[in-house]
Every structure is written in structure tokens, then in C-alpha cells.
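Please check each point against the structure as you read.

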Amino acid sequence: MRPLQMVDTKTQYRKIKSEVDAAVLSVMESSMFIGGKVVSEFAENLAKYHGSKYCITCANGTDALQIAMMALGLKPGDEVITPSFTYIATVEVAALLNIKPIFVEVNAQTFCIDPEAIEKAITPKTKAIIPVHLYGHAADMEKIMLIAKKYNLVVIEDNAQAIGCDYIFDDGTVKKTGTIGDIGCTSFYPSKNLGAFGDGGAIFTDDDALADKLRMIASHGQSKRYYHDVVGCNSRLDAIQAAILNIKLTHLDAYIAARRKAADFYDKAFAGNKSIITPYRASNNKHVFHQYTLTLADINRDKLNQFLTDNGVPNMIYYPVPAHRQKMFDAFGGKEYNLLVTDWLTERVISLPIHTELDEEQQEFIANKVLEFINR
Ligand SMILES: *Cc1c(COP(=O)(O)O)cnc(C)c1O
């Protein structure tokens, strides 16, 4: 059996090596390492893939979120409503800008922010909602957008884990996640569904004025070279990453299909087992399985984690500590929250290897080890 890994970027690379190597070499030959045609072409291709008017590339997904908050004019003291059950980057940048994250519950099935909890958390200081499409499953965007409209709030989608996910509205309209809110943010961290060979990120919007602001802020607040109108930062996707991503983008739909196939295999292997809750797939979106995350009903997660590790099966806990319980947020009243669903999930989730290169022999071994632990 081929060695098991949480993600297998090496095998994936080998399959497209000649394309990727040629693209990287051509950037090296051109000596255009920052900006240039390769970067703007990738931004255009990615905007087209998303059906988004603008795509602004930047250095990573965390920067994308920060630049989005800056462009929307969020100020110290403003409140943004976010899930606590997320990767820290979503909320860290708010804290960095002295914007107060207000942590709310997620839906126990979808792992995404609970729209009812959002509405209850709104105060006169609330300015934005930041849904996270966790593990590759979309948040309930139709309801979230209605709430945003009702209370005049902006929406920033954290789409770092769900690039390529189709969201289906009640009237049948289909949109990619990351293009539904005012701004969408994504990451090209190597293990993400569209992964670079280093760091990278992108921001999406359909709004002309916002696009200008986003671009300006990502580039030292420049309106034109050496004229700095607003306080910005330095956040760029480099040309080598853009060249690689341009090629990987042409494979993205096939990569998503491979992830779904792997998820289907696990679903079947665990079907009917009362101890295991397999990932829910709401009918209003098409899961892209950045992670394949089980919720354990009545077995000890940490013991399974240890058993799998001892038996050579990689597995991860995303995330062992929710944001509101991180020391970082003590100063933001993190300890005052009482998020029962979030705590419940934090103790029960476990993610199995899922990527584009898994074969059935590997998956059978992984599933059998999980079942061996449960049935012993
Ligand atoms: C990866 C990730 C980010 C941050 O992306 P980086 O490129 O690592 O900065 C933000 N939010 C979520 C949900 C992520 O998974």
C-alpha cells in the first residue's frame, strides 16, 4: 500500500509536473517575479471560474480577510459576528484591527454558522457577518444574506476551505461560495483545495468601488505609484505561485470530483454505524470536502485519535480549541461565552485523510481501522 498522508501534494504534483515545471521556468526566464502578466491572467481566470466581476490576489488567506475588513471601513469598536468553531485566522485579523469578534454557534450538522444565532447576536455596533464555509460545506448563505439585508450589515465570506463549492438558492440560482457576500476571501495554502507551492490568497467582489479599495489597500494604499491615499499593507501573490495556480485551476474541478469520490467511499464504509456521524450534505450546496470530518456520537474521540495514530492512520482534530476559548480572546471576553454546540463538536470531531490521490486500498485500510476500534 502507498503510504498514508492527510494530503498528498507530492503525487498530485508528479501528475502535472511537466506543465508546472515549464510554467515556473518561464517565470524565471522572464524575471518578472512580482506582478506582471502571469499574476493578472490568474486573477482573470479565477474571477471567470467564480463568475465574479473582480478577483484581487494577495499574499495569503489571512491577509485577504484583513484587507476585506479594512476596505469595508470596519473600525475599532465595531462588532463582527463569526463562528467560534473555525480556524483562528478568521477572527484573529478582526482582533488585530481592534474590531470585536462576537462568537456565535454553528449548526451541529453542517459545522457552519447558525443563522438564528446571528440574528440574536446583533447589536447597534454590529457591522459585519463573517460566515466560514467550514471543511468545504457552504454556510446557509440565503438566510445569512436576508439577515444582512434586514439589518444593513456587510458579509465577508471566509471561503478558504470551500473554493469551487456551488451554492444553490431557493429559486434555483447557482453561485460559487465566495461570490455571494459583499466580499469573499480564499487561501492557496498548499493543503487547500486549490493549493500553491507556498502561500497565496485572493479576494472576490462584484462592487467596482470596493474592488478599487481592496487593490489599493493590498498595495500600500497606493492610488498610483508613490501616491498613498489610505493606510494599506503589502500583500502580493508572487508570479511563480500564480503560474502554478493557473495550471492547477484547470484541474480544480477534477480535484473536487476526486475528493467527492473519496468522501462517497467513506460514507459507504461507515453507513449505518450508530457511533459515527458522517459529514452532512445540505441540498443547497455541493460539498467540496476540504476535510472529511466525522462526529463521534458515543465513542471517545481522543482514544480513537490515539488508536489510529498508533496504527499508522494519519488523522487530525480540526479544531481542538474553539476561538472563544483561545487565550488570545480573553481580552475580548472569550470566557463569557457559553457555546454548547461548539464545545460539543470540539470534543467529538475527527478528520480522516482526504485528498485527490487516495486509492481504494488506502481508504479501505483507513475505514477498517476506524471500524476495528469502534467494534472491539
Ligand atoms: C487556511 C484558512 C485561512 C487562512 O489562510 P492562510 O492562507 O493560511 O493565511 C483562513 N480561514 C480558514 C477557514 C482557513 O482554513
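1. A disulfide is a pair of cysteine sulfur atoms within 2.5 Å, and a search of the whole structure finds zero of them. The sulfur of Cys233 has its closest cysteine sulfur in Cys58, at 8.2 Å, which is too far for a bond. For Cys165 the closest cysteine sulfur is that of Cys112, and the 8.9 Å between the two is again too far for a bond.

2. Before going further, please keep in mind that this is a predicted model, in which local features need pLDDT of at least 70 and side-chain atom pairs count only at pLDDT 80 or more, while totals for chains, interfaces and linings use all residues. Residues are numbered from 1 along each chain as its sequence is written, and side-chain values use heavy atoms, with hydrogens and water left out.

3. The next term describes how far a residue is covered: buried means under 20% relative accessible area, exposed means over 50%, and partly exposed lies in between (1.4 Å probe, protein chains only). Cys165, with a relative accessible area of 0%, is buried, and Cys233 also counts as buried, at 19%.

4. Helices (H or I, at least four residues) and strands (E, at least two) are DSSP runs, numbered from the N terminus. Ser351 has its place in strand 14, which covers residues 349-352, and it counts as buried because its relative accessibility is 1%. What does the side chain of Ser351 join in a polar contact of 2.8 Å? The partner is the side chain of Thr293, where a polar contact is a pair of N or O atoms within 3.5 Å; within protein, one must be able to donate a hydrogen and the other to accept it, and residues adjacent in sequence count only if both atoms are side-chain atoms.

5. Contact in a wider sense means heavy atoms within 4.5 Å. Not counting residues up to four places away in sequence, Ser351 touches several residues, including Met6, Asn315 and Tyr318. Tyr318 also takes part in a cis peptide bond with Tyr319, with omega at about 5 degrees, and Tyr319 lies in the loop between helix 10 (301-310) and helix 11 (340-348).

6. Thr82 is found in strand 2 (residues 79-83) and counts as buried, since its relative accessibility is 1%. Leaving aside neighbours within four places in sequence, Thr82 is in contact with Val91, Ile102, Phe103, Val104, Ile113 and Ile130.

7. Asn98 has a positive phi of about 60 degrees although it is not a glycine; it lies in the loop between helix 5 (89-96) and strand 3 (100-104) and is partly exposed, at 48%. Asn152 likewise is not a glycine and has a positive phi of about 60 degrees; its loop runs between helix 7 (141-151) and strand 5 (154-158), and with a relative accessible area of 71% it is exposed.

8. A salt bridge is a side-chain nitrogen of Lys or Arg within 4 Å of a carboxyl oxygen of Asp or Glu. How many salt bridges does the structure hold? There are 18 salt bridges, and one of them pairs Lys127 with Asp78, their closest N and O atoms being 3.0 Å apart. Lys127 lies in strand 4 (residues 126-129) and Asp78 in the loop between helix 4 (61-71) and strand 2, so this pair ties together parts that are 49 residues apart in sequence. Lys127 is partly exposed, at 35%, whereas Asp78 counts as buried, at 9%.
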